[in-house]
Each structure stands twice: as C-alpha cells, then as structure tokens.
Amino acid sequence: MDIIQKKTFASAYRATDFNQDFLSKAKNSCTFGNRDLYVTTMPKFHTSLYGKKRTGRHFLLFLTGLLVMSCQEKRTHPISFYHWKTHFSPTPTDRHYFRELGCGKVYLRFFDVDTEQGEIQPKAILRSMEHTLPDARYVPVVFITNRTLPGLSGEAIAGVAEKILTLIGEIEEKNHLPAATEIQIDCDWTERTRENYFRLLTLLQEKSGRDITCTLRLHQIKFYKRTGVPPVCKGYLMCYATSDPADSSTPNSILDLDLLKDYTARIQHYPLDMDVALPLYSWAVVTNHLGKIRLINGITREDMDAERFRQVSDHLYEARDDLFFHGLYINKGFSVRVEEISPGLLQEARSYLDSQIKKDYAIVYYHLHEPFLTRFTLEQLR
C-alpha cells in the first residue's frame, strides 16, 4: 500500500449516525511524573567543585528548582464536544458533564456531502435539536467524502460551496440558532484531491465571511509537504480512528498510541495552529469466518459475559454458540475484538500531546453521548 494511501481511517468511521450498529464510514499535590515526590536521600556534591561554604547553598537551589518543576500543575485545556447524530437531545448526564467541565461549544454535525449516482447531495442532515444547553455555542460541522472532490470544475466547486452555506443557514434558522462565527469542514483529503478541496475551503471563507476551520488526519500532519496545508485559520488534529479495524494486528484501531507518536513526532513543525480531538467511544469488531467485519458501537469488555463468549486474549472473544448480540446475529466461532478508550490510555495520549504541542490548545471530545461519558470521571476529562 502506498505510504499516502496507508493513512488513518478517521473519515471512514465517523460519517454515519452513531446509532447504527455498522459504521460503514466512521485533568495540587506535588508530583514528579506520576508519583508523589519524596526526597529520601541527600545528593552528594564534590567539595572540589563547589567548595565547602557553597555546598549547602547549591543544594538548596537545586532542591528548590526540583520542587518547582515537580509541583507544576498539569496543563489544562478548554473542553468541548462533538455531536454526530441526526437528533440533538442531550440527556441530564450529558448536560451535567457539559456544565461541570466548563464547556462552551458543541461541534454539531449538520450534514454530510457525498456523491451518489453522479449527483453531489447532502446526507444525514440534522433533523431536530433540543435547546437544553443554554450557554452552548454551536459550531456547524460538515463532513465531505473524499470521493466528492475529484474532477470538479471551478464552477462546480463554487456551486458546492454555495449549497453548503445555504443549507447551513437553513438549519440554523430552522433550529433558532444564531449564525456561528466558525464553520468546520471534515474531509480526509489526499494529494490527489487537495487542489479542489483547498479551493472549496477558500470559497467558503470568501462567501460566508466566517472563520473556516478543518479537521486534520495524522497522515496529513506527517506528510504535509505532499498533502498540503489547508487555507484555514485553524486545524483540529483527529487523534482517533487511527488505523483500520479490519487489521487484527492493531492493538487498538480507535487510538493506537505508537502510531499517534510516529505520525506526530515532528508536529511542532506543522505550519498551522491546531486544537485536538480525542475519542471517548468504544466498539466491538465482529469478524466472521470469511474475514468480513461488522462494528457494534458502544461495546466494552463488561458486555462480554462468559456464558456466551469465550475469552481468547485480553480484548478478543469468540462466540460459544449462535446468538443475537446488540441487534446483530452472530454465529458460533465468530470473533469479537473489543476496542475501547480507558482513562489510562486517554491520559497517556494527553500527556504525550502536551509534550509535543507547546502552544495552548483546546480539546474536543468525540462525542457527547452518555454511555461514553459515564466511563470517565469529570477529573479524568479535565
């Protein structure tokens, strides 16, 4: 597989409603590292270097510096959420997390843009929303499939831009939303489609007068000299759906930390300000005897009861008999690989990103959905 083609799979598994079984696309104690700091031994200094009268002074300076470094509070970031369903109806728990985390924004998927039978059309349009987050600001998000972009003329690109802005305006008006100052575009563009995609972004900015932002996949960071840097005011680094769930060798296709580190090792050189999107969700990858997979959203290891599933390894199970599992019929012998984001993995990813991104950045969690939220404490999400 070509190095550019072997990219992250975020676009493939986030474009459809999260209710579907098969997603065909898809924070004051002093610490040193993760441990409390205890000074148990006195460091020895050579008097030949410091002199007897200066030893105590230098030790005090050293100890003070060490305490200052170790007692630094961990970095905090503004928190927001994505919402990726066609009906926006936050539960009381959703509202509690949103309020207690001091969130200000919801990145609300308005619709997708896709090609069907040669026609470019919107899909999965936001149908309804409840105004139960009174202090929230809503940022329209539009997902554009990469296959929509090739072969478009300049006139056609302008037409797509007009239609996107018109539909955004209609959805805002229908749901009594003020015109947002930002529009986010989500697309897994490639070297082949970047010219048309970047032209579309430029036209959206010119025609709307709003801030246009866009998502950034990991391959678009590592190989930006080939895929290009989008003409937007800010990017959103998608740190999830990092690999193909069909690849059984991946430790976690939702968030493979080694892959994240590899693809962002030189992120400080990327010439665009960015915020970070992190996952909270989980799923089960069901594989049949032919190697074909289906995804079941929201599954954790707690769902894998021993009566119905034999545990093969830490995250891998096998169906003991034919059964229905969360609406999907599974035959005996089918494998079920559970992939989830644990609090530990989330913290490890955040710590790594803090070490790599020196500028202040915000975090957008994917996504605002009670079953995902309740697996984390508020402190773990701060």
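What follows is a walk through this predicted model, from the whole chain down to single residues.

Start with the overall picture. The protein chain holds eleven helices and 20 strands. It has 382 residues, and 49% of them are buried. The accessible surface of the chain comes to about 19,200 Å². Carbon and sulfur atoms account for 50% of that surface.

In S3, Ile79, Phe81 and His83 point one way. Ser80 and Tyr82 point the other way. Both sets are buried.

S3 has strand partners. Strand S20, residues 363-366, pairs with S3 in the parallel sense over three bridges. Within that pairing, serine 80 has valine 364 of S20 as its bridge partner. Strand S5, residues 105-116, also runs parallel to S3, and three bridges join the two.

Helix H3 comes next, spanning residues 92-100. Its buried residues are Asp94, Tyr97 and Phe98. Because these residues cover an arc of only 100 degrees around the axis, they lie on the same side of H3. What covers them includes strands S3 and S5. Helix H10 (370-373) and helix H11 (378-381) are also among the covering elements. The face of H3 turned away from the buried side carries Pro92 and Arg99, both exposed. Just after the helix, glycine 102 takes a positive phi of about 65 degrees.

S15 covers residues 309-311 and runs antiparallel to S16, with three bridges between them. A hairpin of four residues links S15 to S16. Phenylalanine 309 stands opposite alanine 319 of S16. S16 itself spans residues 316-319. Its covered face carries Tyr317 and Ala319. Its uncovered face carries Leu316 and Glu318. S16 also pairs with S19, again in the antiparallel sense and over three bridges. In that pairing, leucine 316 has arginine 337 of S19 as its bridge partner.

Valine 336 sits in S19, which spans residues 335-339. Is this valine buried or exposed? Valine 336 has 0% relative accessibility, so it counts as buried. Which residues does valine 336 touch, leaving out those up to four places away in sequence? They are Ala284, Val285, Val286, Met304, Phe309, His315, Leu316, Tyr317 and Ile330. Phe309 in this set is the residue opposite alanine 319. One of these contacts, valine 285, lies 51 residues from valine 336 along the chain. The C-alpha atoms of the two valines are separated by 5.6 Å.

Finish with a charged residue, aspartate 275. This residue is found in strand S12, residues 274-279. Its relative accessible area is 6%, so aspartate 275 is buried. Leaving aside neighbours within four places in sequence, aspartate 275 contacts Lys234, Gly235, Tyr236 and Leu237, along with Tyr361 and Ala362.

Definitions and conventions:
Residues numbered from 1 in each chain as written. Predicted model: local features only at pLDDT ≥ 70, side-chain atom pairs only at ≥ 80, totals over all residues. Heavy atoms only, no water. Buried < 20%, exposed > 50% of the residue type's maximum accessible area, 1.4 Å probe, protein only. Contact = heavy atoms within 4.5 Å. Pairing = 2+ DSSP bridges. Areas by Shrake-Rupley, 256 points an atom, 1.4 Å probe, with all protein chains shown as cover. Arc of directions from axis to C-beta.
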